[in-house]
Amino acid sequence: MSAWIVTIGAKFPEHWDFAVEDGFWDLTKRKNIAEGDEVFFWQSGRGLVGWTRVTEDLRPIDDGMTQARWKDRAAGKYRTRFGISLVSDVVEDGVSWKVIRENTGITQPLSNGQLEVKDPASIDYLRGLFAPEFGSADVGFPRGVVEPMVTAYGPDDVASASPPFTADPDEDSREFEGRVIATRRGQPQFRKALLDAYVGRCAVTGCSAVSALEAAHILPYRGEQTNDVRNGLLLRADIHTLFDLFLITVAEDLTIRFAPQLAGRGYDEYDGRALRLPVEGNHRPSADALAHHRARCKWL
């Protein structure tokens, strides 16, 4: 799989918003863009604006697929389209194209429109530019909330009262995946199960604003078999995003760990705190699933 940098013309700043809302991007030329690739969008005059994942292979456009609100539609001579889902639009401020080139070794000019990036280290660098910046963790949420009716337990207690959680992280029973990290709450039944298990409070912050809580998969979503409450955590939306970006994880002793780059960004009070767990043993997160997530956090 590859990553791509796609340029949005300065005359059409609204096209980034359209791409996120409509879930696709069109090209005038054929490129080897395929499902699973990552696409970083660069807005001329503004810089990086978003990181997306390709959800559908590049395919030809027919007349019935035109979108009138895309202002250069008539003159653009677009021939192909690929589907996208948003990963993050929270980007490091002020990063210039010169700095990106110095850190990735990219030699192609932005004027090419679509630049392919194959080097894994360069792709990791681009991802790192999207470390979320959410400000104070308490903004928009009540202070001094009552402690939830969930408790922190030791690692021997995790899923101790239930059969082992056996979903294979490489098994994929999906017909289609279009996961949107920054905006989704999770499948309704899965989310409801987690809301019940965690008594409507975030497992990290204790936030009880239900509208802000999301169903986070520990092992990535790979079809219905991964919608098991033992493969989930109820997390506030910003915490969910950080968890999916592997900037937060749960240590073997069930304490919460934050990546060093988040220090001083409003999350320090939660670093090292015990994870809040359901009282019911068969609702507690799988130790194996947590270990799998932890192994993907390169900063540990």
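**Getting to know the inside of this model**

Mentor: Let's start inside: the largest cavity holds about 30 Å³ of space. This is a predicted model, so local features need pLDDT of at least 70, side-chain atom pairs count only at pLDDT 80 or more, and totals for chains, interfaces and linings use all residues. Residues are numbered from 1 along each chain as its sequence is written, and side-chain values use heavy atoms, with hydrogens and water left out.

Trainee: How many cavities of 30 Å³ or more are there?

Mentor: First, the rule: on a 1 Å grid over the protein atoms alone, a cavity is a set of points where a 1.4 Å probe fits but cannot get out, and lining residues have an atom within 4 Å of a point. Grid points are joined across faces, edges and corners, and the volume is the space filled by probe spheres set on the points. With a threshold of 30 Å³ or more, the count is one.

Trainee: Which helix and strands each supply at least two residues of the lining of the largest cavity?

Mentor: The lining includes Leu-233, Leu-235, Ile-239, Phe-243, Ile-248 and Val-250. Helices (H or I, at least four residues) and strands (E, at least two) are DSSP runs, numbered from the N terminus. Each supplying at least two lining residues are strand S8 (232-236), helix H6 (237-244) and strand S9 (248-250).

Trainee: Is Ile-248 buried or exposed?

Mentor: Buried means under 20% relative accessible area, exposed over 50%, and partly exposed in between (1.4 Å probe, protein chains only). Ile-248 belongs to strand S9. Its relative accessibility is 2%, so Ile-248 counts as buried.

Trainee: Which strand pairs with S8 over five bridges?

Mentor: S8 itself is mostly covered, with five of its five residues buried. Gly-232, Leu-234 and Arg-236 sit on one side, and Leu-233 and Leu-235 on the other. Two strands pair if DSSP finds at least two bridges between them. Here the sense is antiparallel, and the partner of S8 is strand S7 (residues 213-217).

Trainee: Why is strand S3 largely enclosed by the rest of the structure?

Mentor: Look at both faces: Glu-38, Phe-40 and Trp-42 point one way, while Val-39, Phe-41 and Gln-43 point the other way. Strand S3 (residues 38-43) is largely enclosed because, of its six residues, the number buried is six.

Trainee: Which residue stands opposite Val-39 of S3?

Mentor: S3 has neighbours to sort out: strand S1 (residues 3-8) pairs with it in the parallel sense over six bridges, and there Ile-5 stands opposite Phe-40. Strand S4 (residues 47-60) pairs with S3 in the antiparallel sense, also over six bridges. In S4, the residue opposite Val-39 is Thr-52.

Trainee: In the hairpin of S3 and S4, which residue takes a positive phi?

Mentor: The hairpin has three residues between the strands. One of its residues has a phi near 85°, and that is Gly-45.

Trainee: How many aromatic pairs are there, and what kind is the one of Phe-40 and Trp-51?

Mentor: Rings of Phe, Tyr and Trp (its six-membered ring) pair if their centres lie within 6.5 Å; planes under 30 degrees apart count as stacked, over 60 as edge-to-face and the rest as tilted. The count is five aromatic pairs. For Phe-40 and Trp-51, the centres are 5.9 Å apart and the planes at 20°, so the pair is stacked.

Trainee: How many residues apart are Phe-40 and Trp-51?

Mentor: Phe-40 is buried at 0% relative accessibility, and Trp-51 is buried at 5%. The pair links distant parts of the chain, strand S3 and strand S4, and the separation is eleven residues.

Trainee: Which residue lies over the face of Phe-24?

Mentor: A charge sits over a ring if NZ of Lys or CZ of Arg is within 6 Å of the ring centre and within 35 degrees of the ring normal. At 3.8 Å from the ring centre of Phe-24, the residue is Arg-81.

Notes:
1 Å grid on protein atoms, 1.4 Å probe; cavity = no way out; pocket = protein on both sides within 12 Å on 5 of 7 lines; lining within 4 Å.
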